[in-house]
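Me: I am new to this structure and would like to learn how to read its features one at a time. Could you take me through a few of them?

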Amino acid sequence: MSANPIPPLHLYSVPREPQPAPEAPPVRERPRTAWTADQLMATEFPEPKWAVPGILAEGVSLLAGPPKVGKSWLSLGLGLSVAAGGNAFDSVPVKGGPVLYLALEDTPRRLQTRMGKLLGGQKAPAGLTLVTECPPFPQGGSDAIAGWLDRNPDARMVVIDVFAKMRGQSPQGVSAYDADYVAVGYAKRIADHYGIAVVLVHHVRKMASEDFLTEVSGTNGIAGAADATLVLKRARGQADGVLHVTGRDVNEAEYALSFQEASGAWHLLDGPASDHTVGDTRAAILRYVRANPGAKPKDIAEALPQAGPDTVRRTCSRMAEDGQLTKDGSGRYYPDTETRTGGTQEVSQLSDCPVGPSDQQELPGQQKWKLSQLSDSGEGSNQ
């Protein structure tokens, strides 16, 4: 046995010089939990704080997908973007701030390799803290994360990759649903107490479903306890993946993504996801009809000579049957949904959710460390 064993990695001490003198723990007020009806209606609440406007709000978000689909590349890329205050998915402006990334299935060497590709020669942000070992929530993990958040009061996001490593043993004598609900509840308590986004990277079932929420591995207690669910699925056509999003503060939407093998980055594609997941002919027809509502097959065929009149006519008819186009009595075709314009996207075009000015400012960097517990009430982390 070695005389100088390597100390275990954990969240309680991240090397950083120079170390500031410990400060008094900040006083955190308990959130109010009861009102009369008139009091509640008269109260003004702040808008949700966004880590990625329109996609990741404060609270617990499940990021689920099949193995090897690229969840870790996506979550690490988001962590780098938020920590640096850049553009998530290469197009969505985000406010910078400290990010904690628990890469519990990776090694430092693998993380270094991935970040090197994602950064592409740019300087690594000091605001991103990466940790490869952490105890489960019930065995001290909650306190470890809380300690880091107290030392970084301006933190924007915590990513846990993967959730299974942090959930701990299920309580005895409870149903599978209740056990799943309790497991996510640890992360929920942290997210609500600190007002940040906590992302739990998770898996999906092997059997696909039309409802992406039912594909999340485990019981409905996992998705039910989370504030939002994001499922990354492989796609056909021009897109490499489609990110399905729904939640309490997030509008239900689908986003087509393209994976860049050289950089390891996921890019948001312009337009509705259907434009990128259907075949090339359907995608071209969709784009033309959105730009020219009320077009007839003859008009479309003239604009798409490579497809041919017969192919255009049959394809339009099938697209109307599939609900991708709407046909009137005179044989004219119209888009079935509103078009999201191309080019550089403003935040308001990405989501109908209101986003405060503070969420659009770029304030990268990490603040001085402060020390305190998760709650001033003296309750244990496993309550």
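Reply: Let us start with the helices, whose axes are lines fitted to C-alpha atoms over the stretch in contact, with angles taken between N-to-C directions. Please keep in mind throughout that this is a predicted model.

Me: What describes two packed helices?

Reply: Two packed helices are described by the angle between their axes together with the distance between those axes. Here, helix α4 (residues 141-151) and helix α5 (residues 176-194) have axes that come within 11 Å and cross at roughly 20 degrees. Because angles under 35 degrees count as roughly parallel, α4 is roughly parallel to α5. The crossing of these two helices, α4 and α5, is right-handed.

Me: Which residues of α4 and α5 meet?

Reply: From α4 come S142, I145, A146, L149 and D150, and they meet Y186, I190 and Y194 of α5. Sorted by class, this contact of α4 with α5 has six nonpolar residues, one polar and one charged.

Me: How many residues of α4 are buried, and what covers them?

Reply: Buried means under 20% relative accessible area, and 10 of the 11 residues of α4 are buried, so this helix is largely enclosed by the rest of the structure. Among the buried residues of α4 are G141, W148 and R151, and the cover over its buried residues includes β6 (99-103), β7 (128-131), β8 (157-161) and α5.

Me: At what angle do α8 and α10 pack?

Reply: Helix α8 (residues 280-291) packs against helix α10 (residues 309-321) at about 80 degrees, and their axes are 10 Å apart. As angles of 65 to 115 degrees count as roughly perpendicular, α8 is roughly perpendicular to α10. On the α8 side T281, R282, I285 and L286 take part, meeting T311, V312, T315, C316, R318 and M319 of α10. By class, the contact of α8 with α10 has five nonpolar, three polar and two charged residues.

Me: Is K71 buried or exposed, and what does K71 touch?

Reply: K71, which has its place in helix α2 (residues 71-84), counts as buried because its relative accessibility is 7%. Leaving aside residues up to four places away in sequence, K71 touches L63, A64, G65, P66, V201, H202, H203 and L232.

Definitions and conventions. Residues are numbered from 1 along each chain as its sequence is written. This is a predicted model: local features need pLDDT of at least 70, side-chain atom pairs count only at pLDDT 80 or more; totals for chains, interfaces and linings use all residues. Side-chain values use heavy atoms; hydrogens and water are left out. Helices (H or I, at least four residues) and strands (E, at least two) are DSSP runs, numbered from the N terminus. Buried means under 20% relative accessible area, exposed over 50%, partly exposed in between (1.4 Å probe, protein chains only). Contact means heavy atoms within 4.5 Å. Axes are lines fitted to C-alpha atoms, for helices over the stretch in contact, and angles run from 0 to 180 degrees between N-to-C directions. Angles under 35 degrees count as roughly parallel, over 145 as roughly antiparallel, 65 to 115 as roughly perpendicular and the rest as oblique. A crossing is left-handed if the near helix is turned anticlockwise from the far one by less than a right angle, and right-handed if clockwise. Ala, Val, Leu, Ile, Met, Phe, Trp, Tyr, Cys and Pro count as nonpolar, Asp, Glu, Lys and Arg as charged, and the others, Gly among them, as polar.
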